[in-house]
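Please read the following with the model open beside the text.

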Amino acid sequence: MRLPKAGTIEIVPSVLAADFGCLAAEVAQVEAAGVKMIQFDIMDGHFVPNISFGPPVVAALRPHSLLAFDVQLMISEPRKHAEAFVRAGADHITFHIETVREPLEFVEELHKAGVTAGVALNPETDVLRIVDVAPYCEMVLVMTVHPGFGGQEFLPETAEKVRQVRELVGPATRVEADGGISPQIAPQVIGCGADTLVVGTAIFSRKDRAAAIAELREAVEHRALRTPD
Ligand code: DX5
């Protein structure tokens, strides 16, 4: 299992905001800055109003990086495509609860395939939808923007959802927040119980990615792992 064990705060660059023309170099830059994991936003133009990339991009990057590959499936049929991402080198696969009828079965399939499993919920989805499956997942992802595009504003009402998810899963499961995260927003989200921050624009829009990552780390340091406010 390459997903960092719960108990640390992780900054996870989202490659959706990186320069696709030199993706391996972009990944090498954030890896050199000390992150442990990167996220791949897989979009099908159906579940979300955008199309990103598929298993070939993950497979192309795998030989170039030792990072944990966190693959978020924002697609309508994740069970049909998950195995291709596992073969491509994914270490962790997150699916959206809004897209799967039998989530427990799917989590079991992912574990059997040798990856860790995560369940995601959109801003408008109630935490009650994941009560049964969350205990079997290594990570729960709270979308803090409506999925589909990078560069959006953080939705303030999602901070409460982060708190509810942390209360639901306890300390042994990672709680990931994704969308609109910046050094200004990060302390609040960590304060609500998140420990894994997905960041696209606030890292890749900067020339100096290492400095951008250091700024995020500094912003959250004093909020590290306290019980939610
Ligand atoms: C949006 C994606 C996010 C996004 C994050 O649907 O799931 O991962 O790329 O990028 P920023 O940090 O720019 O909101």
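Ring pairs link Phe20, Phe40, Phe53 and Phe69 into a cluster, where rings of Phe, Tyr and Trp (its six-membered ring) pair if their centres lie within 6.5 Å, and where planes under 30 degrees apart count as stacked, over 60 as edge-to-face and the rest as tilted. The model is a predicted one, in which local features need pLDDT of at least 70 and side-chain atom pairs count only at pLDDT 80 or more, while totals for chains, interfaces and linings use all residues. Residues are numbered from 1 along each chain as its sequence is written, and side-chain values use heavy atoms, with hydrogens and water left out.

The structure contains four aromatic pairs. In one of them, the ring centres of Phe20 and Phe53 are 5.6 Å apart and the planes stand at 70 degrees, so this pair is edge-to-face. Phe20 counts as partly exposed because its relative accessibility is 44%, whereas Phe53, at 11%, counts as buried; buried means under 20% relative accessible area, exposed over 50%, and partly exposed in between (1.4 Å probe, protein chains only).

Phe95 and Phe106 form an aromatic pair that is tilted, with 4.9 Å from centre to centre and 50 degrees between the planes. This pair also links distant parts of the chain, since Phe95 belongs to strand 4 (residues 92-96) and Phe106 to helix 4 (residues 103-112), 11 residues apart, and both Phe95 and Phe106 are buried.

Arg62 leads from the rings to the charged side chains. Its charged end sits over the ring of Phe69, 3.6 Å from the ring centre, which by the criterion used requires NZ of Lys or CZ of Arg within 6 Å of the ring centre and within 35 degrees of the ring normal. Arg62 also forms a salt bridge with Asp91, the closest N and O atoms being 2.9 Å apart, where a salt bridge is a side-chain nitrogen of Lys or Arg within 4 Å of a carboxyl oxygen of Asp or Glu. Arg62 is buried, with a relative accessible area of 15%, and Asp91 is buried as well, at 14%.

How many salt bridges does a search of the whole structure find? It finds 14, one of which joins Lys36 and Glu10 with closest N and O atoms 2.8 Å apart. Lys36 lies in the loop between helix 1 and strand 2 and Glu10 in strand 1, so the pair ties together parts that are 26 residues apart in sequence. Lys36 is partly exposed, at 42%, whereas Glu10, at 4%, counts as buried. Glu10 and Lys36 also belong to a network of salt bridges that includes Arg166, Arg174 and Asp195.

Gln72, in strand 3 (residues 68-74), counts as buried at 0% relative accessibility.

At the surface, Leu128, Val131 and Leu168 form a nonpolar patch with about 250 Å² of accessible area together; such patches are made of residues with over 30% relative accessible area and no salt bridge, like charges being joined within 9 Å and nonpolar side chains (Val, Leu, Ile, Met, Phe, Trp, Tyr) within 5 Å, and the areas come from the Shrake-Rupley method with a 1.4 Å probe.

Technical notes: Helices (H or I, at least four residues) and strands (E, at least two) are DSSP runs, numbered from the N terminus.
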